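Let me put the model up on the screen and then walk you through the parts I liked.

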Amino acid sequence: KRTQGGEYRYTLHEGVNKFCNLGFTLYLFYNKIPDGENIYKSLKCTIIDGDKISGSLFIRSRQDNDRFFYGGMTRMPKKMLSAKQIPQHQRANYPVLCDEKGSICMPSFPANDGYDGRNSKNKIIVAYRGDQA
């Protein structure tokens, strides 16, 4: 049975961003993860270049015209979620990370070309955890 997702948009703040109504938690850290937080072993992280961000970061629901560009290829969110075997109940509300210019990535997937922050001095670390249904 497919779960239908609704439209949403939420501004993110540093630290833990819990969205109980949507069934996931996002962790957002600037430059380094605070002591005591061990998210690398249990979560997939996306590292974004903070110098490329325009305005504030927010998440929104997926839209029909969403496309992601990384590794020199265009990718569709539906196929990305399916290929990574994200559980069906989490796909309907899976977030898209955006700034004022547009979409950057889906958490736990690579950032769009030009936003990759692995070699940047100003890193933004985003980690996603789907809560149990």
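So, over how many bridges do β4 and β10 pair, and in which sense? The answer is 6 bridges, in the antiparallel sense. Before I go on, a quick word on what you're looking at: this is a predicted model, where local features need pLDDT of at least 70 and side-chain atom pairs count only at pLDDT 80 or more, while totals for chains, interfaces and linings use all residues. Residues are numbered from 1 along each chain as its sequence is written, and side-chain values use heavy atoms, with hydrogens and water left out.

On terms, strands here are DSSP runs of E with at least two residues, helices are runs of H or I with at least four, and both are numbered from the N terminus. Two strands count as paired if DSSP finds at least two bridges between them.

Let's walk across it. β2 and β3, which is residues 24-30, pair antiparallel over 5 bridges, and there you can find Asn17 opposite Leu26. Then β3 joins β10 through 7 bridges, again antiparallel. Leu26 shows up here too, standing opposite Tyr128 in β10. Buried means under 20% relative accessible area, exposed means over 50%, and partly exposed is in between, with a 1.4 Å probe and protein chains only.

Now the other sheet. Again 4 strands, open, antiparallel, and the order is β1-β5-β8-β9. β1 (9-11) and β9 (102-105) are the edge strands, each pairing on one side only. The twist here averages 35 degrees from one strand to the next.

Have a look at β8, residues 96-99, which pairs with β5, residues 58-60, antiparallel over 3 bridges. Arg60 has Val96 as its bridge partner, and Phe58 has Cys98. On the other flank, β8 and β9 pair antiparallel over 3 bridges, with Asp99 opposite Gly102. A hairpin of 2 residues joins those two strands. What about the side chains of β8, which way do they point? Val96 and Cys98 go one way, Leu97 and Asp99 the other way, and all of them are buried.

A disulfide is a covalent bond between the sulfur atoms of two cysteines. Here one is called when a pair of cysteine sulfur atoms lies within 2.5 Å, and the count comes to 0. Cys98 is in no disulfide, and its nearest cysteine sulfur, that of Cys105, is 8.8 Å away. Cys98 is buried, with a relative accessible area of 1%, whereas Cys20 is exposed at 59%.

Gln85 has a positive phi, near 55 degrees, and isn't a glycine. You'll find Gln85 in the loop between α1 (77-83) and α2 (88-91), and this residue is exposed, with a relative accessible area of 68%. Ser108 also has a positive phi, about 75 degrees, without being a glycine.

Last stop, the second largest pocket. Ser108 is part of its lining, along with Cys45, Thr46, Ile47, Phe109, Pro110, Ala111, Asp116 and Arg118. A pocket is an open set of points on a 1 Å grid over the protein atoms alone, where a 1.4 Å probe fits, with protein on both sides within 12 Å along at least five of seven lines, and lining residues have an atom within 4 Å of a point. The lining divides into 5 nonpolar, 2 polar and 2 charged residues, where Ala, Val, Leu, Ile, Met, Phe, Trp, Tyr, Cys and Pro count as nonpolar, Asp, Glu, Lys and Arg as charged, and the others, Gly among them, as polar. That's my tour, thanks.

Terms used: Axes are lines fitted to C-alpha atoms, for helices over the stretch in contact, and angles run from 0 to 180 degrees between N-to-C directions.
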